[in-house]
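Hi there,

Here is the model I promised to pass on to you. Have a look at it first, and then read on for my notes.

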Amino acid sequence: MIDKEIQLLVGPTALPNRVMNAMCHPAISHRGQYYYDVQKEVCDGVKEIFQTKQDVLSLTTSGTGALEAVIQNLFKENDELIVPITGEFGRLIQHVAEPYGLKVKTVNFEYGETANVEKTLAACTDKTKAVFMVHNESSTGVLDDIQAFGNAIAKLPGGGPLFIVDGVSSVGGADVKMDEWHIDVLITASQKCLMAPPGLAFVALSDRAWDVVETVANDRYYFNFRKDRKYIHQDRTVHTPATHTLLAVHESLKTIREEGFANVLQRHEALSAYVRKTVQSMGLCLFAHQEDYCSPTLTCISVPGQAKYYVAKLKENNIAVGGGKSPLDNDTFRIGTMGYVSMNDVVACMNVLSKIVEKNDAN
Ligand SMILES: *Cc1c(COP(=O)(O)O)cnc(C)c1O
C-alpha cells in the first residue's frame, strides 16, 4: 500500500512542500545581512496578520514559552491577573502564571462554552493588572469573541486592565485585529496556522503594554522584552534564533500573501463548516455547545470513551487527526483545518470517517 498521509492536525500542522524546501538551506549566521533581511520580512508579515502597527518580537520558543515570556515581562509578584477558562489552554495560562507568585483569579466556564464578558469583568477590581485569555480554545474547538472582550475592557475607567490574548491557534486562521480590538498583547507560534515547524513564537505589545514592561523592568536574562525590542529594531535577536524555522515562516507567509489573507480566512471557515455539517450528518456530536462560536481552525468531536478508537482507525487509513487534549483524550478527537489543509483533504477524511462510523465495533 502506498503510504501517503493526509494530515488534519492541531499542531504541529502539515507543511507545504515549498515550506519544507525553504528549510533545505545551508547554515545561516544570525549576524549577517541575509538573516536580517529574512527576519525583517517575517516580522513585517506577522505584523500584517496581527493587524497592528506595533513591533513584532520574534522569540525562539514554543507558544507556552511566549506565554511565560509575557508573564515575566509584564508582571511582578502579587500582581492580580484574571484568566477566563473555557478549556485546557486557559488552564495553561493559570499554570504558567502561578509559579511567578501572581494572584491568579480564574473565571471558570463549562468546557464547550465561550467565556462570558460580563462574568469576567465582574471579577475585575481596581487592582486587576490584566485579563489574559485564549482566543481559540484548542482543547474544545471554541472561538471566543475577543472583539467583544476588547471593546468592553477598553470602556472601563482608565482603559481598564491590560488585555492579553493567546492567539496561538487562531492567528493566521481566524481574524484577529490587534489594534482595532484593543488587544494589548498578542501571542502566536510558528507551528499552527502559520504552517511552519515549531521553534518560533511572535509577540506584539501595545504602547501601554510597553509602558508596563518599562515599569516592571524584568531583569531576567532570556526573554527580556526591553532587550528584545532593541535587537528587533536592528532586525536581529539577542541570542541564536531558530534560523530554519524562520526560513519556513518566511515561505509560509509568502503562500498566505499569494492566496490572499481574506481567502485564507475564508478557506478556514469553509473547511470547518464542512467538517461540522458532515460529522453531524453521520450522527456524531460537536463538543462545542453551540455552532455559532465553533472554531474555524479545528473541530472537536465528542465520542465518549471512543476517541482513541476513531483516531487509530483514521490513522490506519492514512488520515492523521489530533487526539483529544487530556483530560478529554478518551472522549474527544480533533480535526484540524488549520494551515495547509484543502477541501480535498477534508472530503477524504470525512469519507473515511463515515465508513468508520458505520462499521463502529468499538463497543
Ligand atoms: C498549541 C497551543 C499552545 C501551546 O503552544 P506550544 O507551542 O505547544 O507551547 C497555547 N495555546 C493555544 C491556544 C494552543 O493551541
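Let me begin with Asp207, which is found in helix H7; helices here are DSSP runs of H or I with at least four residues, strands are E runs of at least two, and both are numbered from the N terminus. A word on the basis before going further: this is a predicted model, in which local features need pLDDT of at least 70 and side-chain atom pairs count only at pLDDT 80 or more, while totals for chains, interfaces and linings use all residues. Residues are numbered from 1 along each chain as its sequence is written, and side-chain values use heavy atoms, with hydrogens and water left out.

Asp207 counts as partly exposed because its relative accessibility is 47% (buried means under 20% relative accessible area, exposed over 50%, and partly exposed in between, with a 1.4 Å probe and protein chains only). Asp207 and Gln191 are 16 residues apart along the chain, yet their C-alpha atoms are separated by 27 Å.

Thr215 also lies in helix H7. With a relative accessible area of 59%, Thr215 is exposed. A polar atom of its side chain lies 2.7 Å from the backbone oxygen of Asp211. That is a polar contact, meaning a pair of N or O atoms within 3.5 Å; within protein, one must be able to donate a hydrogen and the other to accept it, and residues adjacent in sequence count only if both atoms are side-chain atoms.

Ala217 lies in the loop between helix H7 (207-216) and helix H8 (225-232). Its phi is near 50°, a positive value in a residue other than glycine. Ala217 is partly exposed, at a relative accessible area of 31%.

**Other backbone points to check**

Most residues other than glycine have a negative phi, and most peptide bonds are trans. Asn78 is another residue other than glycine with a positive phi, near 75°. Asn78 sits in the loop between H3 and strand S3 (80-85), and counts as partly exposed at 47% relative accessibility.

There are cis peptide bonds to look at, too. One runs from Gly11 to Pro12, with omega near -5°; Pro12 is in the loop between strand S1 (6-8) and helix H1 (17-22). Another runs from Ser326 to Pro327, with omega near 10°, and Pro327 is in the loop between strand S13 (319-323) and strand S14 (332-336).

**The ligand site**

Which residues come nearest to the ligand? Of the 13 residues around it, these are Thr64, Ser138, Asp166, Gln191 and Lys192 (a residue is near a molecule if one of its heavy atoms lies within 4 Å of it). By class, the shell has four nonpolar, seven polar and two charged residues. Here Ala, Val, Leu, Ile, Met, Phe, Trp, Tyr, Cys and Pro count as nonpolar, Asp, Glu, Lys and Arg as charged, and the others, Gly among them, as polar. Helix H3 (63-74) and helix H4 (88-97) each supply at least two residues of this shell.

- An N or O atom in the side chain of Asp166 is 2.6 Å from a nitrogen atom of the ligand.
- Gln191 has a polar side-chain atom 2.6 Å from an oxygen atom of the ligand.
- The side chain of Ser62 has an N or O atom 2.7 Å from an oxygen atom of the ligand.

On its own, the ligand has 380 Å² of accessible area, and the protein covers 87% of this (Shrake-Rupley method, 1.4 Å probe).

**Aromatic rings**

The structure holds five aromatic pairs. Phe149 and Phe163 are stacked because their ring centres are 6.4 Å apart and their planes are at 15° (rings of Phe, Tyr and Trp, the last by its six-membered ring, pair if their centres lie within 6.5 Å; planes under 30 degrees apart count as stacked, over 60 as edge-to-face and the rest as tilted). This pair links distant parts of the chain, with Phe149 in helix H6 (residues 146-154) and Phe163 in strand S8 (residues 162-166), 14 residues apart. Phe149 is buried at 1% relative accessibility, and Phe163 is buried with a relative accessible area of 1%. Elsewhere, Tyr309, Tyr310 and Phe333 form one aromatic cluster.

Happy browsing!
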